[in-house]
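The following account leads the reader through one protein chain, from its overall architecture to individual residues. Please keep the sequence and the model in view while reading.

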Amino acid sequence: MPSLQPTASRIAGTGAYVPETVLTNDDLSRRVDTSDEWIRERTGIRERRIARDGEAASDMALAAARSALAAAGVQASELDMIVVGTISADMPLPACAAILQQKLGAGPCPAFDVAAACAGFVYGLSIGDSFVRQGSARRVLVVGVELLSRVLNWADRTTCVLFGDGAGAAVLVPAEESGGRVLATRLYTDGNFARSLYIPGGGSLEPLTPEGIAAARDKVHMIGSDIFKVAVRNLTQASRDALELAGLTPGEVDWVVPHQANLRIISQVASRLELPLDRFVIDIDRYGNTSSASIPIALDEAVRDGRIQPGHSVLMCALGAGISWASAVVRM
Ligand code: UT7
């Protein structure tokens with residue numbers, strides 16, 4: 001990788017992709033004992049997107065990445081690094097980022113996955129920004145992609161109604177003297193909650209057996225109420241920490257792009273930060289929880305529809321399995 005004069009990075013372009021197929025709450029209520037009313041009231045979700053048969057996480061990442069590269073005016077061959085936040089890669093080995101690199105025609109450049117679940121995109125943003133800051137990369141592609149529909153237990157109403165498939169991406173380049181830049185990132189993990197949200201089987205601890213598959217040990221298990229409580233507290237604190245590092249108060253933030261896990265979590269964070277909900281970019285009603293993809297999908301949507309303008313200060317915060325959580329403040 002090239003050695004450069006250190007500088008902060010800026011987001012030069014964003015992109016997103018969601019599959020065409022829509023799965024509504026009513027569709028789900030025909031599969032499991034749930035209702036549109038319960039899902040909307042408890043989560044804010046109305047529908048989510050589901051990948052088509054044969055579609056891979058790397059295909060969704062490719063679509064989002066191409067869109068972000070076009071918006072940034074960067075060629076795939078110019079990338080110095082690819083970081084993919086995902087826990088639903090095409091296969092256990094190799095990294096989704098390696099497959100994406102090949103499909104993009106990029107490289108050879110470092111390409112690796114970050115398994116920080118819902119915080120994966122913000123982790124990737126922080127890593128990419130660090131490499132640009134230390135002068136060892138000029139153009140970094142950061143992707144959040146999840147194909148969670150393939151790792152959900154469709155008989156478990158406590159999880160299958162929550163998640164959706166999708167991908168989002170951003171391209172980081174060195175910031176100019178004035179203008180946009182990544183102002184601050186903060187990363188955290190508390191492994192004491194490792195079994196509050198996890199896929200127990202299919203790893204080296206519990207290789208899959210026919211019995212394990214029958215018991216859905218290869219699917220997502222979650223104690224939602226455990227996560228809910230810490231999510232509100234930790235997301236609020238992480239947001240404050242990143243804002244402090246950036247030298248901003250909550251009131252100076254133009255937009256908050258939060259992880260879209262639950263509208264009630266978002267509302268409670270908004271109230272603790274004393275920010276109106278209309279300053280939050282919210283799309284959970286249409287896409288559900290797309291884990292690491294949720295922030296870059298919402299970011300891209302708000303950039304493209306003109307809500308987020310150059311010069312705006314944007315706060316991002318996410319929390320998920322690990323538990324891992326993260327925050328970032330970016331001037332666009
Ligand atoms: O992005 C990764 C991080 N994950 C999160 O941030 C998720 C955080 N947690 C949550 O968003 C919420 O805890 C959930 C949406 C998952 C659940 O909402 P809740 O208000 O915490 O409900 P609960 O788990 O306490 O369950 C309340 C009731 C239970 O019934 P009983 O025991 O009171 O009779 C559940 O069995 O709701 C029942 N329930 C459902 N009912 C209808 C759980 N899921 C469903 C469902 N439809 N889909």
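Of the contacts between residues at least 6 apart in sequence, 77% join residues at least 24 apart. The model is a predicted one, and its chain comprises 11 helices and 13 strands. The radius of gyration is 19 Å, which agrees with the value near 20 Å that a compact globule of 332 residues would have. Along the principal axes, the C-alpha atoms occupy a box of roughly 55 × 45 × 35 Å.

Burial and surface may be considered next. Buried residues account for 55% of the 332 residues in the chain. The accessible surface amounts to about 13700 Å², and carbon and sulfur atoms contribute 49% of it. As for charge, the chain carries 31 positive and 37 negative side chains, with the centres of the two sets 2 Å apart.

Which residues of helix α11 are buried? They are S294, I295, P296, I297, A298, L299, D300, E301 and A302. Because 9 of the 11 residues of this helix, which spans residues 294-304, are buried, α11 is largely enclosed by the rest of the structure. Just after α11, G306 adopts a positive phi of about 90°.

S291 is located between α10 (284-287) and α11. With a relative accessible area of 4%, S291 falls under the 20% limit and is therefore buried. Leaving aside residues up to four places away in sequence, S291 touches A117, C118, E146, L148 and H259.

One of the contacts of S291 is A117, a residue of the loop between β5 (111-114) and α5 (120-133). A117 has a phi near 50°, a positive value in a residue other than glycine. A relative accessible area of 6% places A117 among the buried residues. E274 also has a positive phi, in this case near 55°, and is likewise a residue other than glycine. E274 belongs to the loop between α9 (263-272) and α10. Is E274 buried or exposed? Its relative accessibility of 71% makes E274 exposed, whereas A117 is buried.

One joins L93 and P94, with omega about -5°, and P94 is placed in the loop between β4 (81-85) and α4. Another joins G107 and P108, with omega about 5°. P108 is found in the loop between α4 and β5.

How many salt bridges does the structure hold? There are 12. One of them pairs K103 with D59, the closest N and O atoms being 2.7 Å apart. Because K103 lies in α4 (residues 96-104) and D59 in α3 (residues 57-72), the pair ties together parts that are 44 residues apart in sequence. Both partners are partly exposed: K103 has a relative accessible area of 29%, and D59 has 27%.

E206 and R217 form another salt bridge, with 2.8 Å between the closest N and O atoms. Here the pair ties together parts that are 11 residues apart in sequence, because E206 lies in the loop between β9 (197-198) and α7 (210-214) and R217 in the loop between α7 and β10 (221-222). The relative accessibility of E206 is 24%, so E206 counts as partly exposed. R217, at 26%, is partly exposed as well.

A salt bridge also connects the side chains of D27 and R30, at 2.9 Å from N to O. D27 is partly exposed at 24% relative accessibility, whereas R30 is exposed, with a relative accessible area of 63%.

T34 counts as buried because its relative accessibility is 16%. With residues up to four places away in sequence set aside, T34 touches L28, S29, I39 and V161.

Methods
Residues numbered from 1 in each chain as written. Predicted model: local features only at pLDDT ≥ 70, side-chain atom pairs only at ≥ 80, totals over all residues. Heavy atoms only, no water. Helix = DSSP H or I, 4+ residues; strand = E, 2+ residues; numbered from the N terminus. Rg over C-alpha atoms; globule rule 2.2 N^0.38 Å. Buried < 20%, exposed > 50% of the residue type's maximum accessible area, 1.4 Å probe, protein only. Contact = heavy atoms within 4.5 Å. Areas by Shrake-Rupley, 256 points an atom, 1.4 Å probe, with all protein chains shown as cover. Lys, Arg positive; Asp, Glu negative; His and termini not counted. Charge placed at Lys NZ, Arg CZ, Asp CG, Glu CD. Salt bridge = Lys/Arg side-chain N within 4 Å of Asp/Glu carboxyl O.
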